[in-house]
Amino acid sequence: MTYEEYYQEYYPLLKETEEKLVNLVKEYPLHNTVGEYEPVLYCKSRIKTPKSMIGKLQRRGLLTDKDTAMREMHDAVGIRVICSFADNVYQVADWLCGREEFEVENRKDYMSYPKPNGYRSLHLILKVRTDSGDILWAEIQLRTIAIDFWAALEHQIKYKHEIRHEKVIRDELKRCADEIASVDMSMQTIRDMIREE
């Protein structure tokens, strides 16, 4: 099933919302340059595939039609913002939350309060007004480049059904996540010291 077949009349609105958010995030460094580096290194975006959306709806015991998806799910549009340093995550998130075109529905700070597996990121659920006046949901995940690297590997394990030595691998991933958080803080400290020179 294609995106157009599943989302139907919502698909152009989803594309519009995705494009609007990506362009806005790309503007951030232009208006908020911080020293000699870019706070936002890059961003990735996606519209949730029909298969993934239907699976999520089924797991929650909901109908799998497009209207239920648009009403109940808040991540049909997803944007991942990769930042240089941990403090940039908060700067960009605060900037987005202050924008008039969005309403912040939820903010989850896994940077300060990591998940048990070590995952660190900041998630925003936004209500976004389209040019036609419709309201769509979007999820924005903000994280450092170091934790993005970690999350890519952790994601593979999450969706692989049979893993030999799973406990050992998960314990090692948790240890790595803690080390990455420490390295992120050290790099930020070094950057701050360089600025003071």
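**Reading the fold of a predicted chain**

Mentor: Of the contacts in the protein chain with a separation of 6 or more, 64% link residues 24 or more positions apart; a contact means heavy atoms within 4.5 Å. This is a predicted model, in which local features need pLDDT of at least 70, side-chain atom pairs count only at pLDDT 80 or more, and totals for chains, interfaces and linings use all residues. Residues are numbered from 1 along each chain as its sequence is written, and side-chain values use heavy atoms, with hydrogens and water left out.

Trainee: How many helices and strands does the protein chain have?

Mentor: Elements are DSSP runs numbered from the N terminus: helices are H or I with at least four residues, strands E with at least two. Here there are seven helices and five strands, in the order α-α-β-α-α-β-α-β-β-β-α-α from the N terminus.

Trainee: What is the order of the strands in the sheet?

Mentor: Two strands pair if DSSP finds at least two bridges between them. The five strands form an open sheet with mixed pairing, ordered β1-β2-β5-β4-β3. Because β1 (40–47) and β3 (102–109) each have a single partner strand, they stand at the edges, and one side of each lacks a neighbour in the sheet.

Trainee: Do strands β2 and β5 run parallel or antiparallel, and how many bridges join them?

Mentor: Strands β2 (residues 77–83) and β5 (residues 135–144) run parallel, joined by seven bridges. Cys83 has Thr144 of β5 as its bridge partner.

Trainee: What percentage of the 197 residues is buried?

Mentor: Buried means under 20% relative accessible area, with a 1.4 Å probe and protein chains only. In this chain, 43% of the 197 residues are buried.

Notes
Buried < 20%, exposed > 50% of the residue type's maximum accessible area, 1.4 Å probe, protein only.
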